[in-house]
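Please read the points alongside the model.

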Amino acid sequence: MNPLSSTCSIPVTGETPRHVAIIMDGNGRWATQRCLPRTAGHVRGVQAVRRAVEACGRRGVEYLTLFAFSSENWRRPAQEVTLLMRLFVRTLEKEVDKLIAQGVRLRIVGDLSAFDAKLQGLIREAEAKTAEQSALTLTIAANYGGRWDILQATRALLEAHPELQQHPELLDEAAISERLAMAYAPEPDLFIRTGGEQRISNFLIWQLAYTELYFTNCYWPDFGANEIEQAFIWYRQRERRFGRTSEQLHEAH
Ligand code: IPE
Ligand code: IPE
Ligand code: MG
């Protein structure tokens, strides 16, 4: 049994979420409201990433996962996509030393084959340089889609175990979970989406099964330590039942 799976067992949960996953939304609207080009919102959004990493590090969060570019974001105007890629490269080049100083291990998940060779190289380099850090694992989801993740895990599983085609009854959840791009992390305890929309937009669809979902109207460039604190306060008030009754939970204490 996988002790980290919310459906195969009951995870041990604490006052502070171990894993926080964020959809950083609202950059474009933040900029439009100020008569700035949408891309200015993305540039400001990088500062909010730094604040989130610092605040989560201070609070003892072990895993912070940020959705930076979805598998559907290629549908945006070419100019915006190009700016986002450039920003990604620039940030990777600039921030790695700071991440090491903060004890942050960096991982990038998603279909990286779509990125140009330079960006793929930078990603590998940044991951290797920070691999020994252990205070906080920061995952950036780039060209990521939850459906892509489940598909690539299933393909990898069938390649490794062709006999499953004859014996599908041998297939279990763990076989898929351990091949997902973020198999190294527990499932998120707290999901945050900024920008006011209340949807998952193809983020970690498998892993969010029992995650607490928090939505705020705050645009991502305005999101900081105080807003994270608000989300954590809200999280502490949730009763995480994982299918049981409230009475059962109280009996257990
Ligand atoms: C999130 O902000 C950043 C990315 C998707 C890259 P948006 O760019 O989606 O901002 P809005 O939702 O249009 O305001
Ligand atoms: C989700 O935001 C993806 C990221 C934040 C990277 P979107 O702005 O792309 O989501 P939709 O299109 O409003 O659902
Ligand atoms: Mg958006």
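Which residues are around ligand 2?

1. The model is predicted: local features need pLDDT of at least 70, side-chain atom pairs count only at pLDDT 80 or more, and totals for chains, interfaces and linings use all residues. Residues are numbered from 1 along each chain as its sequence is written, chains are lettered from A and ligands numbered from 1 in the order in which they are written, and side-chain values use heavy atoms, with hydrogens and water left out.

2. Around ligand 2 (a heavy atom within 4 Å) are I23, M24, D25, F67, A68, F69, S70, N73, R76, R193, R199 and S201. An oxygen atom of ligand 2 is 2.6 Å from a polar side-chain atom of S201. For D25, a polar side-chain atom is 3.2 Å from an oxygen atom of this ligand. The side chain of R76 places an N or O atom 3.2 Å from an oxygen atom of ligand 2.

3. Ligand 1 has 13 residues around it, of which D25, G28, R29, R38 and R76 come nearest. A polar side-chain atom of R29 is 2.7 Å from an oxygen atom of ligand 1, and R76 likewise has a polar side-chain atom 2.7 Å from an oxygen atom of ligand 1. A polar backbone atom of N27 lies 3.2 Å from an oxygen atom of the ligand.

4. Helix 3 (residues 78–101) and helix 4 (residues 117–130), both DSSP runs (H or I, at least four residues), pack at about 15 degrees with axes 10 Å apart; the axes are lines fitted to C-alpha atoms over the stretch in contact, and angles run from 0 to 180 degrees between N-to-C directions. Helix 3 is therefore roughly parallel to helix 4 (angles under 35 degrees).

Key
Helices (H or I, at least four residues) and strands (E, at least two) are DSSP runs, numbered from the N terminus. Angles under 35 degrees count as roughly parallel, over 145 as roughly antiparallel, 65 to 115 as roughly perpendicular and the rest as oblique. A polar contact is a pair of N or O atoms within 3.5 Å; within protein, one must be able to donate a hydrogen and the other to accept it, and residues adjacent in sequence count only if both atoms are side-chain atoms.
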